[in-house]
Amino acid sequence: MRVVRWPGALLTFVAMSALAGMLVAVAVTPGVAVAGESTSGAVSFFEDLPSYLDIQTPQQVSSVYAEKGGQQVKIASFYAENRTTVASGAMAKTLKQAAIDTEDPRFYDEGGIDVVGTLRGAAATVVGGDVQGGSSITQQYVKNVLVQQCEELTGKDAADTEKKIAACYEDAAGVTPQRKLQEMRYAIAVNKKYSKDQILTGYLNLVGLGGRVYGAEAGAEYYFGVHAKDLSLVQSATLVAILNNPSNLRIDQPSNADNGAKNGYAATKERRDYVLQRMYVHHDITKAQLDQAKATPITPRITATANGCSSAASGYDAGYFCDYVRDQVLQDPAFGKTAAERIATLDTKGLEIHTSLDLDLQARAQTALSTYVPSTMAGVDVGGSNVTVEPGTGRILSMVQNTQYTQGDTSTAGSTAVNYSADSGYGNSGGFQTGSTYKVFTLAEWLATGHTLSQSVSTTEHTFQNSEFTNTCQNVSGGTWPVSNAENVPSSMTVQAATSESINTAYAAMGKQLDLCKIAQLAQSMGIHPARGGALGQTPSSILGVNNLSPIDLAEAYAGFANGGVVCTPTAIDSVTESDGTKITPTPSSCTQGVAADVAGTVDYALQGVLTGSGTAASANPGDSTPKFAKTGTTDGDVQNWLVASSTKYTNATWIGNVQGNVSLANWPFLQGTTGYSAKFGVGKSMMTYLDQTVGGGALPAADPAMIGQVSHTSSSGDAGSAGASAGSTAGSGQGNTPTTQQPGQQSPQGQQPAEQSPQKPQGKQKGH
C-alpha cells in the first residue's frame, strides 16, 4: 500500500482547489473579471505569475534551391526538427477532430484550461504523491512553445548551451506545482489572445511525432507520403496516437520487437483504435467507419526528408555545391554573431536559400568530367573537379568532381566528403599545385611594369642561380633552380609565343627581370591565396606554380581578368528568406580592381593564343565564334593537370590529378583513350562547347597596343603537329616553340596539341608549368 504524503500533496490539492472557483470564472467564462474572487494565498500567487507568452515561429526545415530549366527546384534540406508549418486549411479535418476528441473533448468550451481535468489531476496528486496532468490542448500548446524556446537557446560553447537548455527544460516541463500553475496562467492568456482554431493549428504544428519529425505536415509526409490535408481517417488517428508517446509509438522502426512490422505495430494500433473509439463516442464518425478503420492494418510508407546535402548529391550530383552553401552560411555573420547562432539559423529558421547553381549546367559538367575521369583507379588516388563561375558577380554556376559526395567524415572508395574544388575552409581540401596556370600573374606583372608581349626572352638558361632573382619582401638568395623544356626550343622567343606554348625557361628568364614579391602581391590582388591559408610562396620556382591552390580560387582570378581586372569573391547564395518572410542579406561578393584594365585586356589577348595554332590548349577549342582565352598547367610528370578557360560570361576551371601521392599521369590511361595529361582537354572542350552555346560571351576587354608591341608571327622550325596530343592521345616531347602565323584568338586546326613543358623538381617540390 502506498503511503500518502499528506502535507505536500494535500497542500497542492488545497491550493488547486482554492483556485477552482476562480478558474471556473476565468477559464470557463473568460469574460468574467478576476476581481472579487477568492484572495487566498494560492490565488494571489496565481495572479502574480507572468501572463504574457511570446509565441514565436517554431523551428522549421530550411530548404536550398537551384535553377533548372528556368524554374527553382529544391535540392536539399537542413533541420534540427523536421517541421513545415502549415495553415489550418492545410490540415485534414479528421486530424483536428481526432486530436480534440482524444486529448481535450471540452476544448471549444473551456477558457484555456480543463478545470475538470485539473481537479482530477490534483486529486490524483494527493494519492500518487506527484503532480498529475489533466492538461488541455491549450496547456499542451503552451508547454510545447516553452520547450521550443528552450531548444533555440545558445551559450558561449557547446557545454554552456547544453546547460542552459537543460535548465530551461526543467522550468518548461518540470513536474512541480509551481510550473503547472504557470502553465495554466499562460494558457488562460493564450486563450484570450488567440482563436481556438489558431491554438489547435499551432499545437498540431508543434507536436513531436518521433525522432526529428515534428508537426502534422512533416508527420504526414514522413509516415505516409502525403500532405497533412490529404490524411485519411486512419492516418489521422495514427498520428494522434503517436503524439501520445512519440518515442514508443513511432512506426518507422519495423524491426522493433515490441512495436514493429511483425506484430502489426501493436502498441500504436491499440492507441490508434482508442483514438477512433473516442471519435465515435463524440459522434464524429459512424459505427461503420469505426469498424472499418479498426480493421485497417497500420501500413506506413516512410518518406524521409533528407537532412543535409545527401539529397542534393543523390538527386542532382550537387552534394559538394550544397556543402559549400552550408559552409558559406556557417561562416557569414549575416546569419548570426556566433557559430552556434548560425547553425541554429540554418537548422531552425525555415530558410529559403536560393543559390547560384544552374542544374542544367551542373548535369553537363558532371557528364563531361565523368566521361574522362573515373571515380577510382587502381594504383593512383585519382581526383578531378570542374567549377564554373560568373565573371563580374562571383556566382558559382556549377561545381562537380569525380567522386560521390558522402556526408560526414567516413568515406569509401570513390566517395569522399572533401570538396576538391574549394579551399580547406569550404570543404577541407588543401588544394593542388597549379603548374603553368600560375604564369598568368607573372605575365600581368610583366605588362604592368612596362614590358611587352613582343619582347624576346632567352630560353637557353636551364640552371638559375636564386641570387639572380629579386624579392624585396623575402631573402631568396642561395642555391640553384633547375628548369627544363622539351626538345626543339629556340634560343629566344617572344613573350607571346612563350605564353601560348607555356615555355618554362622563358618565364624563368622573365622572372629575373621582375620582383618576385610583386608577382605574389599581384596574385593576391586577384584573390589568390593558398588553399590551407597562410602566405603565398615567393621563391623563383613559384613562377611555375608550386603553390597549392583550389580550382574555385583560380577560377576567381581568371574571371577577374575576363572582367577588366575586377575580381569578385566567389558566392553560392543569391537570396535568403526566413519562414516568416524576413529577408536575410548574406555578405555580398566583394569586387575589387585587382589589376589595371589595360593589363587585364592584354593578358586576355595573350591567353587567346593558348587556344590557337601551337597553343597548349588548341585541341580543346570548340572552334566557335565566342571570344575566349585559356591557360593550361601541369606539374612534373603530369602529377597535377589544369585547364582554365574564360569568356566574359563564364570562367571554367578543370583540375585532374593526384589527390594524394605523386603518380606520374603523363601516360596513365584514362577514359575515352585519354591520359592523365590529355583528359583535361576532353573535359574542357565539352564544357566550352556547352557554355558558348548557352552562356556565350561578348568582346573581351581591350588590349593595350603599346603592351602588345610588334609581335612576330613567323612559324617555328619545330613540327608542332608531330608533338600533337588531342583529347584522345598522349603528348610527345618534341614541339615547336614560336608562334605560327595565326593571331591570338584565331582558330587553329584541331587534333594538334603540343606537350606542355615539364620542369625539374626544385628542393623536392613539384614545379608547375
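How much space lies in the second largest cavity? In this predicted model, where residues are numbered from 1 along each chain as its sequence is written, local features need pLDDT of at least 70, side-chain atom pairs count only at pLDDT 80 or more, and totals for chains, interfaces and linings use all residues. Side-chain values use heavy atoms, with hydrogens and water left out.

**View 1. The second largest cavity and its lining.** The second largest cavity holds about 60 Å³ of space, and 13 residues line it, with Glu-390, Gly-394, Glu-556, Ala-559 and Cys-568 the closest to its centre. Helix H22 (551-562) and strand S14 (566-568) are the elements that give two or more residues to this lining. By class, seven of the lining residues are nonpolar, four polar and two charged (Ala, Val, Leu, Ile, Met, Phe, Trp, Tyr, Cys and Pro count as nonpolar, Asp, Glu, Lys and Arg as charged, and the others, Gly among them, as polar). A cavity is a set of points on a 1 Å grid over the protein atoms alone where a 1.4 Å probe fits but cannot get out, a pocket is an open set with protein on both sides within 12 Å along at least five of seven lines, and lining residues have an atom within 4 Å of a point. Grid points are joined across faces, edges and corners, and a volume is the space filled by probe spheres set on the points; by this rule there are four cavities of 30 Å³ or more. Helices (H or I, at least four residues) and strands (E, at least two) are DSSP runs, numbered from the N terminus.

**View 2. The largest pocket and its lining.** About 510 Å³ of space lies in the largest pocket, which is lined by 20 residues, those closest to its centre being Asn-144, Val-207, Gly-208, Leu-243 and Pro-246. Two or more lining residues come from each of helix H5 (137-151), helix H8 (196-206), helix H10 (233-244) and helix H11 (246-249), and H5 gives the largest share, six residues. The lining has seven nonpolar, eight polar and five charged residues.

View 3. Ser-77 is found in strand S2 (residues 71-78) and counts as buried because its relative accessibility is 3% (buried means under 20% relative accessible area, exposed over 50%, partly exposed in between, with a 1.4 Å probe and protein chains only). Its side chain makes a polar contact with the side chain of Lys-74 at 3.2 Å, where a polar contact is a pair of N or O atoms within 3.5 Å, one of which, within protein, must be able to donate a hydrogen and the other to accept it, and residues adjacent in sequence count only if both atoms are side-chain atoms. Not counting residues up to four places away in sequence, Ser-77 touches Val-61, Ser-62, Ser-63, Thr-305, Ala-306, Asn-307, Gly-308 and Ser-311, contact meaning heavy atoms within 4.5 Å.

**View 4. The disulfide of Cys-473 and Cys-517.** The structure holds four disulfides, each a pair of cysteine sulfur atoms within 2.5 Å, and one of them joins Cys-473 to Cys-517 with an S to S distance of 1.8 Å. This disulfide is left-handed, because the torsion about the S-S bond of Cys-473 and Cys-517 is about -45 degrees. Cys-473 is partly exposed, with a relative accessible area of 44%, whereas Cys-517 counts as buried at 1% relative accessibility.
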